[in-house]
Amino acid sequence: MTVQWIGRHARNPFATRFIRPGMIPPLDAEGRPVSVAALAARVPRGGFMALVGPHGSGKSNLLTALAAHLAHDAVVLQSRVRGARDVPGLLARIARLPVGAIACIDGWERLGTLGRVAVRGVAWCRGCDLVVTAHRPCGPVLARCTTTPSLLARLVALLGPDEAVIGHDDVAAAYDRHAGNVREALLELYDLFEQRIRGSAAAVRT
Amino acid sequence: MTSESFDRSRPTLRIDAQFDRVDRIYAPGAPLTARYWIAGIGQEQVRSIERSIDWYTEGKGEEDLGVHFFERIPPPSPADAVVEGTVTTTLPASPLSYEGVIVKVRWCLRVRVFFTSGRDFVSEHVFAVGDLPPARPAAPATRIAPPVPVIRGAST
Amino acid sequence: MLAVLAVGAGLDLAGGRIDWLLIALLIPFAAIGCTGIVLFVRQLFLAAAVGTTQIEISDHPLRPGGRYDVLLAQSGAGTMHDLGLSLELEEQATFHQGTDTRTESLVVVQRPVRAWDLLQLDPTSRFEERMTVEIPVDTMHSFVAEHNAVRWRFVVRGKPSRWPAFVRVFPIIVHPRDAARQPSDAEPAPIGTVA
């Protein structure tokens with residue numbers, strides 16, 4: 001594949017626009033496509049299930065794809081939690097959901113103990129399902145997200161950078177440097193791509 | 001020039017564009033005219049077509065978007081094999097197209113086709129406003145020799 | 001509430017009684033309080049010793065290719081080992097990292113304007129220096145959106161003797177280049193004073 005050019009300028013395939021959750025099809029640890037439909041069929045009614053995995057393992061991406069699929073047949077609320085301060089707003093939104101709706105919550109652990117109890121209580125009262133992302137098991141596990149070098153290699157192949165700019169060795173090295181955190185590896189590959197396209201020295205970065 | 005089309009379920013649909021400037025580099029405040037052709041619609045019915053002139057950001061940050069020109073037009077006749085359209089506008093003074101390192105600003109003609117089935121197809125055709133050179137990470141500042149002896153006291 | 005408990009503990013001590021539980025509870029708060037006082041006093045001395053930095057510019061906003069008169073004024077006392085003024089352009093990008101939000105910055109233009117070393121500051125009058133600054137021609141104007149920004153700024157870096165180095169940032173706005181517009185002869189406009 002060749003570098004994609006916008007006029008005189010190369011398009012960086014690792015830009016956030018192309019790698020943010022929902023833009024890349026979900027893949028399993030070996031880089032094979034995940035059947036989102038099969039996963040969605042396992043979401044129980046009136047239940048709670050978690051997508052579990054370490055940082056940068058694709059939980060948010062999988063949750064986004066799952067929410068989009070579930071939205072074909074149900075009302076879906078998708079929420080990204082940054083901290084306990086998001087609890088009141090989240091409770092209010094869940095309280096307004098119809099019976100049978102599904103709340104997809106990215107960042108379950110950030111709600112705090114009281115927040116988690118409150119959200120589960122309100123969801124149960126409303127008859128809503130909860131599908132959440134977490135770093136550790138916190139209930140029934142819908143899927144475990146893990147990464148391998150093959151996964152990152154497959155992701156990079158899908159993004160399509162010119163191998164003359166970003167080679168297999170670069171991808172493998174990025175995976176090792178970030179201990180399997182695919183998100184951090186992709187951010188590093190972004191910087192590497194920019195550096196090589198420009199042929200510039202190390203960046204001044206804060 | 002580059003165009004991007006999103007809808008893997010409709011590989012035959014294609015949108016091409018041609019700008020009145022061959023190099024697609026426009027001065028700020030200059031007029032722009034672009035023609036586009038939509039081919040391969042097939043049997044599926046088009047609900048509407050939207051065309052816009054937007055700027056957007058690309059890079060490490062989340063995408064920001066600004067709409068300079070927007071128009072929704074009624075669906076074409078089902079008999080049309082190829083749908084043509086023309087967009088004419090005067091570009092603003094800013095933002096300029098910018099090829100930064102972690103922040104990039106791009107301008108594009110965006111043509112979006114909505115089908116009665118609920119699906120849509122988007123095509124972007126990038127052009128430039130202004131002709132800035134690409135940015136590079138700055139080297140650490142080097143000291144420059146002051147022009148006069150440096151021990152100073154009272155203000156001048 | 002803490003004051004009441006502290007007074008109570010003090011009165012107990014004065015009366016020869018030691019309430020170990022109360023004292024143990026108060027120790028962390030006392031540590032935090034003392035640290036806060038030390039930091040405040042340190043900042044106070046730093047501000048008094050280093051003094052304020054002021055930048056005035058002959059026109060604002062600026063335009064690429066324009067030349068502007070800039071006044072740098074530094075007050076304080078003692079010796080400034082290094083003092084430098086530079087013009088910088090910084091990109092900022094904010095993105096979501098899972099459930100975190102992260103902002104990265106990168107300086108893409110860093111032009112030294114003037115530098116001094118072994119500067120003797122007189123506490124009775126401030127050091128002032130006038131110079132001409134040119135905004136580079138083929139550079140991006142100021143740009144701010146929700147997640148992305150390109151910002152121009154003057155940066156003053158100093159290293160006073162016996163005190164930590166400081167960096168003071170003066171944001172400026174650069175409009176897109178306009179060939180028809182000329183810099184005005186308006187009075188110098190101060191764009192910032194930083195202590």
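How many bridges join strand 2 of chain B to strand 4 of chain B, and do these strands run parallel or antiparallel? Six bridges join them, and the two strands run antiparallel, with strand 4 covering residues 31–39.

Before I continue, a word on conventions. This is a predicted model, in which local features need pLDDT of at least 70 and side-chain atom pairs count only at pLDDT 80 or more, while totals for chains, interfaces and linings use all residues. Residues are numbered from 1 along each chain as its sequence is written, chains are lettered from A and ligands numbered from 1 in the order in which they are written, and side-chain values use heavy atoms, with hydrogens and water left out.

Let me stay with chain B. Chain B has zero helices and 10 strands; here helices (H or I, at least four residues) and strands (E, at least two) are DSSP runs, numbered from the N terminus. Axes are lines fitted to C-alpha atoms, for helices over the stretch in contact, and angles between N-to-C directions run from 0 to 180 degrees.

Within this pairing, B:Tyr36 in strand 4 of chain B is the bridge partner of B:Ala17. B:Ala17 also belongs to the covered face of strand 2 of chain B, together with B:Ile15 and B:Phe19. The uncovered face carries B:Arg14, B:Asp16 and B:Gln18. In a regular strand the side chains alternate between the two faces of the sheet.

Of the 156 residues of chain B, 50% count as buried, where buried means under 20% relative accessible area, exposed over 50%, and partly exposed in between (1.4 Å probe, protein chains only). One buried residue is B:Arg24, with a relative accessible area of 7%. B:Arg24 lies in the loop between strand 2 and strand 3 (25–26) of chain B, and its phi is positive, near 60°, in a residue other than glycine. Further along, a cis peptide bond joins B:Ser94 and B:Pro95, with omega about 0°. B:Pro95 is placed in the loop between strand 7 and strand 8 (98–99) of chain B.

I turn now to chain A. Which order do the five strands of its open sheet take? The order is 4-5-6-3-7, and the pairing is parallel. Strand 4 (76–80) and strand 7 of chain A are the edge strands; each has a single partner strand, so one side of each is left without a neighbour in the sheet. The twist from one strand to the next averages 15°. Four bridges join strand 5 (residues 102–106) to strand 6 of chain A, and A:Ala103 stands opposite A:Leu130 in strand 6. Helix 3 of chain A packs on the sheet, touching strand 3 (48–52), strand 4, strand 5, strand 6 and strand 7 of chain A, and its direction makes about 165° with that of strand 5. Contact means heavy atoms within 4.5 Å. Helix 4 (residues 87–95) of chain A also packs on the sheet, touching strand 4 and strand 5, and its direction makes about 175° with that of strand 4.

A:Ala179 has a positive phi of about 50° although it is not a glycine. A:Ala179 lies in the loop between helix 7 (168–177) and helix 8 of chain A, and at 72% relative accessibility it counts as exposed.

Finally, chain C. The peptide bond from C:His60 to C:Pro61 is cis, with omega near 0°, and C:Pro61 is found in the loop between strand 1 (53–57) and strand 2 (67–74) of chain C. C:Gly158 sits in strand 7 (residues 148–160) of chain C and is buried, with a relative accessible area of 5%. C:Gly158 and C:Asp82 are 76 residues apart in sequence, yet 5.3 Å apart in space, C-alpha to C-alpha. Not counting residues up to four places away in sequence, C:Gly158 touches C:Met80, C:Asp82, C:Leu83, C:Ala165 and C:Phe166.

Notes:
Two strands pair if DSSP finds at least two bridges between them.
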